[in-house]
Amino acid sequence: VVSIVFYSGDMEPLTYGDPPIKMESAAKAQLIARVAGTPISRGSCMARGAEKLLGIAVKTENEHRTMILVADGGTHCSNGENDAEKVFRRIIAKNTTRMPINTIYTGRQDGDDWMIGKPLLERLSRATNGRFKVAR
């Protein structure tokens with residue numbers, strides 16, 4: 001059973017599975033096509049995508065909830081909330097079910113992504129008993 005939230009830039013996050021649904025082959029293909037057909041912008045507000053999924057998690061009875069956050073750790077929110085500490089606190093505050101947040105870092109291995117985004121994702125997973133990985 002799954003819910004997927006795809007976010008990019010300041011667009012409203014695309015949601016598949018609200019409430020969570022069983023992922024069948026046809027539904028999986030439809031989701032991939034939908035994400036592939038979405039224009040990608042530079043930067044995204046990770047907090048908006050995370051908050052959307054955490055809001056869905058509150059509505060499910062499943063006791064084995066987990067979240068997988070795949071991101072570069074960027075905090076490009078249009079409301080100016082771009083401070084990693086504020087984004088961390090915002091996501092943690094919305095995690096009322098105390099669900100583990102597993103994170104996968106997809107950014108560059110240098111610059112701000114590596115120095116700010118990667119530690120943010122590591123911290124989110126550590127604070128929620130999730131796991132952290134770097135995509136290769």
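The model is predicted. Helix α4 covers residues 111-127 and holds Glu122. Phe132 is a contact of Glu122, of Leu121 and of Lys118.

**Burial**
- Leu121 has a relative accessibility of 0% and counts as buried.
- Lys118 is also buried, with a relative accessible area of 15%.
- Glu122 is partly exposed, because its relative accessible area of 23% falls between the 20% and 50% cut-offs.

**Contacts of Leu121**
- Setting aside neighbours within four places in sequence, Leu121 contacts Met46, Leu69, Ala71, Asp72 and Gly73, among others.
- Its contacts also include Thr103, Ile104, Tyr105 and Phe132.

- Lys118 touches Asp72, Tyr105, Asp113, Phe132 and Val134, with residues up to four places away in sequence not counted.
- Glu122 is in contact with Thr103 and Phe132, leaving aside neighbours within four places in sequence.

**Shared partners**
- Asp72 and Tyr105 are among the contacts of Leu121, and Lys118 touches both of them.
- Thr103 is in contact with Glu122 and with Leu121.

**Distances to Phe132**
- Glu122 and Phe132 are 10 residues apart along the chain, and their C-alpha atoms are separated by 5.7 Å.
- Leu121 and Phe132 are 11 residues apart in sequence, with 7.2 Å from C-alpha to C-alpha.

Definitions and conventions: Residues numbered from 1 in each chain as written. Predicted model: local features only at pLDDT ≥ 70, side-chain atom pairs only at ≥ 80, totals over all residues. Heavy atoms only, no water. Helix = DSSP H or I, 4+ residues; strand = E, 2+ residues; numbered from the N terminus. Buried < 20%, exposed > 50% of the residue type's maximum accessible area, 1.4 Å probe, protein only. Contact = heavy atoms within 4.5 Å.
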